[in-house]
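The structure is shown first, and the description follows.

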Amino acid sequence: MLDPKYIREHATEVQTNCDHRNVKIDVSAWLKADERRLALLQTVESLRAKRNEVADKMKSASAEDRPGLIEQGKSLKDALAAGEAAFGEVDADWKRQLLAFPNLTHPASPIGMTDDDNKELRIVGEVKKLEHPLDHIALGQKHDLIDLERGAKVAGAKFYFLKGKLALLEQAMIQFALSYLAKEGFTAMSTPDLAKDDVLVGTGFQPRGPETQIYSIENSDLSLIGTAEITLGGYHKDEILPASAVPLKYAGVSHCYRTEAGTYGKESYGLYRVHQFSKVEMFVYCTPEQSEAVHLELLRHEENIFKALEIPFRVIDICSGDLGGPAYRKYDLEAWMWGRGEGKGGWGEVTSTSNCTDFQARRLNVRIKNDNGDNVYAHTLNGTAISLARAIIAVLENNQNEDGSITIPKALVPFCGFEKIG
RNA sequence: GGAGAGGUGGCAGAGUGGUCGAACGCGCCAGACUCGAAAUCUGGUUUAGCCGCAAGGUUAACGAGGGUUCGAAUCCCUCCCUCUCCGCCA
């Protein structure tokens, strides 16, 4: 959510930002609603002031004054009810519109509408030369590691079983990421896999409605989380954090559930786009002054983890139109995957890190008491440490040998206890 | 799942219709005393919105939402959460 005051004072800038973000918002229409809302607010408040005044007089009123005051109070009550109804309607609409505003955009983010306008910053590592590279599905079949058919039988399409050494490897990857982050000062967290709608909305997700990617539980206000960003963001909801406590760094493990409505074809090949996966997510609360440096730190951790997994990747600076609602700036890591690019291989998204500035904190009401004793909205940042499914694709495909065996990256061996598959 | 108790300021805890944004205490901040500290004393100490250059004014919040009333922390209803006991269970 943006600061209403900021929108009032920077209407042109905010409109331009919405345009660059590819979000259809008419700022001038909102400003009109805002004006109307404030006028009604003042009406309602002055009626309340009068009501309070009359009620106050009652305390010491004489017996003959009382009936008159009661009459006055009654008519004020009626006027107030009407005023509050009018205000409530305008206010709800005003709030709804306000929630639709995307965050502001970092001045250095590329301007553009689609992912074609994203900027490649660098490529790290080298793609292994292979005569006959196999994709993860072929590797899975060869070693009996992935069972999509029975996943579909049990839970439907885009669900899967991981078997044998791959099931062990998945846990090893989680352990590896957690222990790496613990050394970097993150507090490990195992979070709920469900969260309340207001927490979802607070972190910038839409729990219900036609366009949602979220599974919601019928007859409840709960949804299955799409990422631990949701639960970790909700963790300090409605809190005031002492300045001495930040940056607060969490590494949350959870299952992630996504409906992936309307996605088919090669973009969802194999494990690339599935309804459920495990993930270790980084989440940081910090001051506005700290957030840019923290963002780069999160990116560094993501890169370190993928380097340790011996996976070539490229770093992408996401353009304005592709940022989504909450992000002020976003970097993605795309790993090499042999199953993409029609069998020639290509880049596939494996991580994403966002600086959400105060966009989520404003909705979640998370503040920091700074050294002057003032409360300021926190900045929140998130980043994927390791997202299983996609990281599994990358590990299997990039660490395969010409004979179809898979060499386990050295960093994982202590966690899984074997060095090779096949 | 059954029975009961309860949710009030940073903590603890009073308050059962108007004198309550809220006692007393603890904590915290500032000052006095002191060479300094402790103790003691004095004052201050929730948050957010709106109006205002400011001083200041005003509204709202006692778990959440609704209702009764001229007036609600206080009465009524619904929901949420916590605790105790019983049952069940990984």
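A salt bridge is counted where a side-chain nitrogen of Lys or Arg lies within 4 Å of a carboxyl oxygen of Asp or Glu. The model is a predicted one, and the structure holds 17 salt bridges. The table lists three of these pairs.

| Salt bridge | Closest N and O atoms |
|---|---|
| Arg96 and Asp93 | 2.8 Å |
| Lys279 and Glu281 | 2.7 Å |

**Salt bridges**

Arg96 and Asp93 both belong to helix H4; because they are three residues apart there, about one helical turn separates them. Arg96 is exposed, with a relative accessibility of 55%, while Asp93 is partly exposed at 30%.

In the pair formed by Lys279 and Glu281, both residues are buried.

Salt bridges with shared partners link Arg362, Asp358 and Asp3 into one network.

**Buried residues**

Ser278 is part of strand S9, which covers residues 276-286. Its relative accessible area is 9%, so Ser278 counts as buried, the cut-off being under 20%. Setting aside residues up to four places away in sequence, Ser278 touches Glu170, Ile174, Ser254, His255, Ile386, Ser387 and Leu388.

Leu271 sits in the loop between strand S8 (248-257) and S9. With a relative accessibility of 0%, Leu271 is buried despite this loop position. Beyond its neighbours within four places in sequence, the contacts of Leu271 are His136, Ile146, Leu148, Tyr160, Leu162, Ala389, Ile392 and Ile393. Asp26 is 245 residues from Leu271 along the chain, and 40 Å separates their C-alpha atoms.

**Surface charge**

Which residues gather in a patch of negative charge on the surface? The patch is made up of Asp115, Asp116, Asp117, Asp322 and Glu349. One of these residues, Asp116, is placed in the loop between helix H4 (66-100) and strand S1 (119-124). Asp116 has a relative accessibility of 67% and therefore counts as exposed, a class that begins over 50%.

Note on methods: Residues are numbered from 1 along each chain as its sequence is written. Chains are lettered from A and ligands numbered from 1 in the order in which they are written. This is a predicted model: local features need pLDDT of at least 70, side-chain atom pairs count only at pLDDT 80 or more; totals for chains, interfaces and linings use all residues. Side-chain values use heavy atoms; hydrogens and water are left out. Helices (H or I, at least four residues) and strands (E, at least two) are DSSP runs, numbered from the N terminus. Buried means under 20% relative accessible area, exposed over 50%, partly exposed in between (1.4 Å probe, protein chains only). Contact means heavy atoms within 4.5 Å. Patches are made of residues with over 30% relative accessible area and no salt bridge: like charges are joined within 9 Å, nonpolar side chains (Val, Leu, Ile, Met, Phe, Trp, Tyr) within 5 Å. Accessible areas come from the Shrake-Rupley method with a 1.4 Å probe; for residues, only the protein chains shown count as cover. Lys and Arg count as positive and Asp and Glu as negative; His and the chain ends are not counted. The place of a charge is taken as NZ of Lys, CZ of Arg, CG of Asp or CD of Glu.
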